[in-house]
Amino acid sequence: MCGIIGYVGRKPASPVLLEGLRRLEYRGYDSAGVAVLHEGELLVRKKKGKIDEGIARELAADPVVGDMGIAHTRWATHGAPSDENSHPHLDRSGRIAVVHNGVIENYEQIKQRLLKTGHEFVSSTDTEVLAHLIGEHYERLEASGDGEGLLTRAVTEALRDVIGTYGLAVICSEQPGVIVGARRGSPLIIGLGDGENFLTSDANAVVAHTRQVVFLNDYDVATLTSDSFEVVNLGTDTADVQISKLEFDAEDSQRGDFEHFMLKEIFEQPRTVENALRGRLDHDGATAVLGGLNMTAAELRNVQRIVIAASGTSWHAALVGEYLIEGLSHIPVEVEFAHEFTYRMAPIRRDTLVLVISQSGETADTLMALREAQRRGHKALAIVNVVGSTIAREADGGIYMHAGPEIGVASTKAFIATLTVLTLLAVYLGRMRMLSAGRAQEIFKGLEALPAQIESVLAQTDAIKKVALKYTSAEDFFFLGRGYSFPTALEGALKLKEISYIHAEGYSAAEMKHGPIALIDEKTPTVFLVPKDSMHDKTMANLEMIRARKGPIIALATEGDEHIEGVADDVIYIPKTLEELNPILASVPLQLLAYHLAVARGCDVDKPRNLAKSVTVL
């Protein structure tokens, strides 16, 4: 959450920073600001509101000039969205500017100490306290007479007083040409250019300028100039510095001709499945090729239980993964919310493998679950999308989704990619146990057919839009399914509530009669997932209970199911596929339904209120 961009070079900094903020706005968009250094003076502009409505107008009316600076787009944690709480924040001398992602847990204690020594604060943020703390250390070091590396040393010493998480960028009016960055628990990346360098929380902000990056580790402190960078680690005084190349380019993170990033990413899903499968199907051996697991066949055969930890959409994918792995490999699987796994200290047997799922690879509670599993001596694998992310680097092994950049806050193609990867993993584990070669080949054939089948679902977007327009006044929705369709129903409900602000609940269809059916009336639509699968007849019986109570029904059914049109108000069809693959196909029309409902209700689809793309603070 939140976005940081810093630039030092030979170009005018303000346009680079503003462009970077626009590329980062999906990380947070309740306010934004910049600080640019020009002829020994810090020029600060910041404004509440989305970038084009706030800081962009502010800079157009009151420009800033300079060849280095830092900027921030905010998702509020401490302090409500306001001009005063916007970043950057200054120290009491006005010489030091700080932008910060994360939470300083002991900021109140530090603030009280600083108040006693004469500091005054204009915001209610923890970041302003951090700026004052850095400034206090800077003043003390300055008074000692040793000016070498003064800003870096001030930041380093201040952070030794801090408890919490941070990704931060700092500049000082008396240190021209120098940006200092540091991270603990919140991502930070150095972008390496020609005569210019960048500091950012997200590679999307710099990919238009460079694809050479350094992913900082926890407790790293980096010092950047236009021609150099240096990294030290607070714990070891050395740092593991590796230059990586980004797998995507600037065009991949552009919206193109689509009205919204979310719609673009929904329509990218046929290629998403192809990319997740590429090079991973061994037809001769009837197994998957997953070389990044870093576990031997013997180690994997000894696994007697799997715990999957995830959050949000990834948690819904994990539930599908539970069905897949148990069904194809007969290994018991338990799915945990990542934060619950970390804090409730459930007993885990020694023969348990932990798997974490995170699109960004930076999700704070999922990262904590990974570290907790490793602390307790378990192998911890990861399914992630972002190469070089913290979870990808710290996991014992794993699988990349290869979904490409996902800018829309509501995850779509990453969910589809995760389901594809989980299917491959289930086949891989199954072939080590009881899954026959013929059954594996059948699943491979189904997977390879998916891209064309998704295309056929996408071709129904106008028809799905017509269905959506019938229900724009609804304030409550149910999404119901059984078996593999139950987690898909949960995900459909989440998509709708995330972007349209319609209250939506996902349930097992069998659970409705145990209480929730009391809420059914003529104004409450139900989306029923009734594909032709092993649970079809039982799900239809549940549908009849809703119909008897006059609840409007939108059915998601398999092509060729003629009976469904007689019992549902609206029907959306998906192609016939294997039961295990229904969640992938069924997710696409649910995404489109949510999208068209949100657009019709005038919602900002790509930047829904109160949400940010990646939860990197606890």
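Biologist: Let's start with His 402: which loop does it lie in?

Modeller: His 402 sits in the loop between strand S21 (397–400) and helix H13 (413–431). Keep in mind that this is a predicted model.

Biologist: Is His 402 buried, partly exposed or exposed?

Modeller: His 402 counts as partly exposed, with 30% relative accessibility.

Biologist: What about His 330, what does its phi look like?

Modeller: His 330 also isn't a glycine, and its phi is positive, near 65°. You'll find His 330 in the loop between helix H9 (313–329) and strand S18 (333–337). With a relative accessibility of 54%, His 330 counts as exposed.

Biologist: Switching to peptide bonds: which residues does the cis one join?

Modeller: There's a cis peptide bond between His 87 and Pro 88, with omega about 5°. Pro 88 is in the loop between S4 and S5.

Biologist: And where is Glu 84?

Modeller: Glu 84 is in the loop between strand S4 (68–74) and strand S5 (89–90). Glu 84 counts as partly exposed, at 46% relative accessibility.

Biologist: What does Glu 84 touch?

Modeller: Leaving out residues up to four places away in sequence, Glu 84 touches Lys 46, His 89, Val 122 and Ser 123.

Biologist: Let's do Val 64. Buried or exposed?

Modeller: Val 64 is buried, with 8% relative accessible area. Its place is the loop between helix H2 (55–61) and S4. Apart from neighbours within four places in sequence, Val 64 is in contact with Ser 14, Val 34, Val 36, Leu 43, Arg 45 and Leu 59.

Biologist: How many Å separate Val 64 and Phe 479 in space?

Modeller: Those two are 51 Å apart, C-alpha to C-alpha, and 415 residues apart in sequence.

Biologist: Which residues of H5 are the buried ones?

Modeller: They are Leu 150, Leu 151, Thr 152, Ala 154, Val 155, Thr 156, Ala 158 and Leu 159.

Biologist: And what covers the buried residues of H5?

Modeller: The cover includes helix H4 (126–144) along with strands S6 (96–101), S7 (166–172), S8 (179–184) and S12 (220–224).

Biologist: What's in the loop between H5 and S7?

Modeller: Thr 165 is found there. Thr 165 is buried, at 18% relative accessible area. Not counting residues up to four places away in sequence, Thr 165 touches His 100, Asn 101, Gly 102, Val 103, Ile 104, Arg 184 and Gly 185.

Biologist: There's another threonine I marked, Thr 352. Where is it found?

Modeller: Thr 352 is in strand S19, residues 352–358. Thr 352 is buried, with a relative accessible area of 4%. Among residues beyond four places away in sequence, Thr 352 touches Arg 305, Ile 306, Val 307 and His 378.

Biologist: Now H18. How far apart are its end C-alpha atoms?

Modeller: They're 28 Å apart, which agrees with the 27 Å that the 19 residues of helix H18 (residues 582–600) should span at 1.5 Å a residue. In H18, 17 of the 19 residues are buried, so H18 is largely enclosed by the rest of the structure. Gly 602 follows H18, and the phi of Gly 602 is positive, near 75°.

Biologist: Zooming out, how many helices and strands are there in the protein?

Modeller: The protein has 18 helices and 26 strands. Its radius of gyration is 26 Å, close to the 25 Å from the globule rule for 618 residues, so the protein is as compact as a globular protein of that length.

Biologist: And what share of the residues is buried?

Modeller: Buried residues make up 62% of the 618.

Note on methods
Residues numbered from 1 in each chain as written. Predicted model: local features only at pLDDT ≥ 70, side-chain atom pairs only at ≥ 80, totals over all residues. Heavy atoms only, no water. Buried < 20%, exposed > 50% of the residue type's maximum accessible area, 1.4 Å probe, protein only. Helix = DSSP H or I, 4+ residues; strand = E, 2+ residues; numbered from the N terminus. Contact = heavy atoms within 4.5 Å. Expected span 1.5 Å × (residues − 1). Rg over C-alpha atoms; globule rule 2.2 N^0.38 Å.
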